[in-house]
Amino acid sequence: MRSSNIITLLSALSGVIAHQFELPSADNIPRDIQQFRQKHPYKQKNNCHNDNDHRPVIKIRSSKNDTDDVSDEFRAGLLKANNGGTLHLPRDSLYIIGKPLDLTFLNDVEIRWDGQVRFTNDTPYWQAHAFRHPFQNSLMFWKWGGRDIRIHGSGVLDGNGQRWWDEFAGLEILDPDNEYLRPVLFYAENATNLSIEGIHQKDSPCWTNFVVTSRGVSFSDVVVTAHSNNASALPKNTDFFDSLNVEDVSVRRAWVDIGDDCFSPKSNASNVHVDTMYCNGTHGQSMGSLGQYEGEMSFVKDVVIENVWLLNGQHGARLKSWAGPDVGYGFIDNVTFRNFYQANNEYAAYLDSCYFNIDTETCEKYPSQMNITNIHFENFTGYTSGKYGLVVASLKCSTNPDAVCDNITFKDFNITSPCGDEAVVVCDGIKGDIGVDCVGADSVEAKAALSKTCSVPLATATPSF
């Protein structure tokens, strides 16, 4: 979905459902990238021309055309800038990357990223030569790593994803028989104090960011988009953020218009803070998925996600744990979703204990082994898509007798359904009072609520900005 369609709550508020709710400060919500930049201007330190900044500045030649590969020059520039310098990629310059780069040697380096870096779209070459990670059979164009790495600027990192999406159409990343692998746009491992500021990450073939075994990772004032020119091959699995074994992660002020999770820390993430994200056409703010691999323990803990706008997507706040005969175990603990403003999402809050696409019979026979504790949904406002009728939230805990599902609460949960009657929350297996009335998934009330389906238009801006 195009960013021009993103947050137009003007038409949504004036339309068929306007009488049901009012989103706070709707007039101040940015409706496109330009308005996002105006509301959240990125101001970078101009260390390329400041006599008081003694960091040496390194420049490399730019590409002469779309096929002029400067991979070697890019790596050489970072080697020169390493240990206290800055690699400068000037505005209106193009840098084509056509082969894998190992950049895990970095220490105290800045990249002033004002130009455009674009990967070639030679899919057979990349599938044969890209770096690999065993987690979900990931491919990577390049590997970043080291200590004190700052990427900042007004430039673009372009994954050139259209050919990848075209060739992947109809396939599934989690299908064990899938052999068509696609690279991650930005991959980092063993990084300490990595910051990405201001840049536009666009059109990733698969996940946009994948960070592994790292700490002190931050994103601020970034724009992330994935837009296809082929209606039969939309961007898929283009998550803004995925992770494995990370701690101390922050995201502040991000505009995300992609085709999958807006934010999704996976196995073994702790101390995570997200503040101010605008998400369109995504699968929501997701914890996980967790528990995919047999015998492995995984967790997400100590997370706060707040001040989030989610439109035209699958779900709002989401927790995903695997079920089935060969899965892992672990927990999700101490997660707060706060100040969520939603329009045209399926569920505003969703706990899926039968991930991934596990049928009811299999899930009952092999339920999830994940503990879900201390999860809080606070100050939710908006409306659902009507796909599930009057049901606006669904929290179904694992039926595993050894799995704990405790202290899951709602506070100021003001989500309505466009389908008419009073909204319904479905919950099963939660220990203790959740703070709102809820009914079991198999109850007469739940079945009646689910049957009253309807639909609403996309939340879009009028007039278009």
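Is Cys-262 buried or exposed? In this predicted model, Cys-262 counts as buried, because its relative accessibility is 0% and burial requires a value under 20%. Cys-279 has a relative accessibility of 0% and likewise counts as buried. These two cysteines form a disulfide, with their sulfur atoms 2.0 Å apart. The link of Cys-262 and Cys-279 is left-handed, with -70° about the S-S bond. It connects distant parts of the chain, since Cys-262 belongs to the loop between β14 (242-257) and β15 (269-280), whereas Cys-279 lies in strand β15, 17 residues apart.

A search of the whole structure finds five disulfides. When the bonded cysteines of the protein are numbered in sequence order, the pairing reads 1-2, 3-4, 5-6, 7-10, 8-9. One of the five joins Cys-354 to Cys-363, at an S to S distance of 2.0 Å. The torsion about the S-S bond of Cys-354 and Cys-363 is about -80°, so this disulfide is left-handed. Cys-354 is partly exposed, with a relative accessible area of 28%, while Cys-363 is buried, at 7%.

A further disulfide is formed by Cys-397 and Cys-405, whose sulfur atoms are 1.9 Å apart. The torsion about the S-S bond of this pair, Cys-397 and Cys-405, is about -60°, and the disulfide is therefore left-handed. Cys-397 is buried, with a relative accessible area of 9%, and Cys-405 is buried too, with 8%.

Cys-206 counts as buried, at 4% relative accessibility.

Attention now turns to charged side chains. Side chains of opposite charge can pair when their charged atoms come close. The structure holds 27 salt bridges. Among them, the side chains of Arg-118 and Asp-66 meet at 3.1 Å, N to O. Arg-118 lies in strand β5 (residues 116-119) and Asp-66 in the loop between β1 (57-59) and α3 (71-81), so this pair ties together parts that are 52 residues apart in sequence. Arg-118 counts as buried, at 17% relative accessibility.

Arg-118 also meets Asp-158 in a salt bridge, at 3.5 Å, N to O. Because Arg-118 is in strand β5 and Asp-158 in strand β9 (residues 156-158), the pair ties together parts that are 40 residues apart in sequence. Asp-158 counts as buried, at 7% relative accessibility.

Another salt bridge links Asp-203 with Lys-202, the closest N and O atoms being 3.0 Å apart. Asp-203 is buried, with a relative accessible area of 13%, whereas Lys-202 counts as partly exposed, at 23% relative accessibility. Elsewhere, salt bridges that share partners join Arg-55, Asp-108, Glu-110, Arg-150 and Glu-197 into one network.

Asp-442 is found in the loop between β24 (424-428) and α7 (444-451), and it counts as exposed, at 68% relative accessibility. The C-alpha atoms of Gly-389 and Asp-177 are separated by 35 Å, the two residues being 212 residues apart along the chain.

Terms used. Residues are numbered from 1 along each chain as its sequence is written. This is a predicted model: local features need pLDDT of at least 70, side-chain atom pairs count only at pLDDT 80 or more; totals for chains, interfaces and linings use all residues. Side-chain values use heavy atoms; hydrogens and water are left out. A disulfide is a pair of cysteine sulfur atoms within 2.5 Å. Helices (H or I, at least four residues) and strands (E, at least two) are DSSP runs, numbered from the N terminus. Buried means under 20% relative accessible area, exposed over 50%, partly exposed in between (1.4 Å probe, protein chains only). A salt bridge is a side-chain nitrogen of Lys or Arg within 4 Å of a carboxyl oxygen of Asp or Glu.
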